[in-house]
Amino acid sequence: MENSAQSTRLPHLHQSELFHAIKNPAFRRIGLMGRAGKRSVTQSLVQVANIVNEMGLTLIMDVETAELPTLDLTEIEKVKIVKRSLIGEISDLVIVVGGDGSILHAAEALARYRVPVLGVNRGRLGFLADVKPNEVASKLHQVLMGEYQLDHRFLLTMEIREGDKIIHEDMALNDIVLHAGKSVHMIDFQMKIDGQDVYRQHSDGLIVATPTGSTAYALSGGGPIVHPSMDAICLVPMHPHTLSSRPIVVSGNSEICIRIHEDNRTQPMVSADGKPSIALDQQQRLYIRKHPDKLTLLHPPGFEFYEACRTKLHWNVHAEEFDLDDDDDIIEGE
């Protein structure tokens with residue numbers, strides 16, 4: 001579906017003076033997505049849209065973004081509006097405005113097309129959406145002029161099976177979480193990896209995370225930080241009823257199978273990337289493994305994972321008493 005009021009004014013690349021200076025003309029069609037309806041999000045959406053139009057590139061927006069109540073499409077000169085399911089298929093690059101949750105939300109629609117995704121951070125942490133609002137103009141110009149680096153992140157797929165029948169399936173960029181819902185009881189479950197028994201555990205649940213998700217919920221559960229280039233899956237118990245139950249890191253090609261034990265007293269639930277939870281019954285099995293598709297993140301020049309950890313996780317914060325550079329009490333020579 002195309003915005004009827006502007007359909008006759010779609011950009012013509014040869015008419016833009018800037019287009020001929022672009023080093024990577026593969027980025028001709030730029031998709032634009034945003035999830036939250038905050039005023040700050042729509043401000044960045046309009047800013048990005050106008051930059052894309054100034055460079056003579058085709059701007060494409062999905063219906064959900066175009067219908068955000070705080071977005072005024074009259075502020076955008078040229079835009080083509082399509083269904084969200086199509087934006088990854090017809091775009092060469094998709095820009096997502098919002099927080100890391102917006103990237104997670106977009107991943108399901110975009111991963112199968114292998115289209116690069118650039119995130120503009122209007123959320124809190126910004127591990128995935130790493131372009132700051134005050135850097136949008138400079139960073140976006142760099143990317144559209146062909147200066148960028150690609151980062152391929154694998155996803156997880158989950159299946160709830162009952163016998164040979166698949167009851168439910170989903171995918172996740174960050175994590176798949178087995179939890180007890182609103183119950184205060186622990187879950188009693190058994191886990192196998194590649195058909196081998198691992199343990200029977202009493203705990204509040206289990207976080208199964210990708211390297212991307214290792215800095216999300218799994219981190220707060222005591223899991224390790226795993227570099228995104230690693231082909232590994234993190235298994236992080238949630239408040240286990242034994243001190244010896246520790247996080248496990250396994251091969252990214254592993255298949256995890258979880259079965260609820262017959263002595264379990266509560267209703268376990270499963271959620272992928274924080275989406276609505278699905279019940280897991282005793283006669284069912286939860287299978288988790290690597291998804292065949294990957295999400296391709298695009299970063300402006302200079303992106304470094306460890307620098308992101310230092311700034312986002314405040315690794316360089318230290319107490320004032322250890323900062324002696326400006327200590328007036330230090331007497332030279334003593």
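**Figure 1. Arg153 in strand E6 of a predicted model.** Arg153 sits in strand E6, which covers residues 149-162; strands here are DSSP E runs of at least two residues, helices are H or I runs of at least four, and both are numbered from the N terminus. This is a predicted model, in which local features need pLDDT of at least 70 and side-chain atom pairs count only at pLDDT 80 or more, while totals for chains, interfaces and linings use all residues. Residues are numbered from 1 along each chain as its sequence is written, and side-chain values use heavy atoms, with hydrogens and water left out. Leaving out residues up to four places away in sequence, Arg153 touches Leu128, Leu173, Thr212, Pro228, Lys294, Leu295, Leu297 and His299, where contact means heavy atoms within 4.5 Å.

Figure 2. Strand E11 spans residues 205-209 and holds Val208. With a relative accessible area of 1%, Val208 is buried. Beyond its neighbours within four places in sequence, Val208 is in contact with residues including Leu156, Asn174, Asp175, Ile176 and Ile288. Look for Pro247 too: Val208 and Pro247 are 39 residues apart in sequence and 9.9 Å apart in space, C-alpha to C-alpha.

**Figure 3. An open sheet of six strands.** The strand order is E13-E12-E11-E8-E15-E16, with antiparallel pairing; two strands pair if DSSP finds at least two bridges between them. E13 (248-251) and E16 (278-279) stand at the edges, each with a single partner strand, so one side of each has no neighbour in the sheet. Elsewhere in the sheet, E8 (residues 175-179) and E15 (residues 269-272) run antiparallel and are joined by four bridges.

**Figure 4. Helix H4 under its cover.** Of the 11 residues of H4, eight are buried, leaving the helix mostly covered. Among the buried ones are Asp100, Ile103, Leu104, Ala107 and Leu110. The cover over the buried residues of H4 includes E1, helix H3 (84-90), E4 (93-98), E5 (117-121), E6 and E17 (285-299).

Figure 5. The structure holds one cavity of 30 Å³ or more, and about 30 Å³ of space lies in the largest cavity. On a 1 Å grid over the protein atoms alone, a cavity is a set of points where a 1.4 Å probe fits but cannot get out, and lining residues have an atom within 4 Å of a point. Grid points are joined across faces, edges and corners, and the volume is the space filled by probe spheres set on the points. Met33, Gly34, Arg35, Arg84, Val96, Ser102, His105 and Ala106 make up the lining. H4 (100-110) and E1 (29-34) each supply at least two of the lining residues, with the largest share, three residues, coming from H4.

How values were computed. 1 Å grid on protein atoms, 1.4 Å probe; cavity = no way out; pocket = protein on both sides within 12 Å on 5 of 7 lines; lining within 4 Å. Buried < 20%, exposed > 50% of the residue type's maximum accessible area, 1.4 Å probe, protein only.
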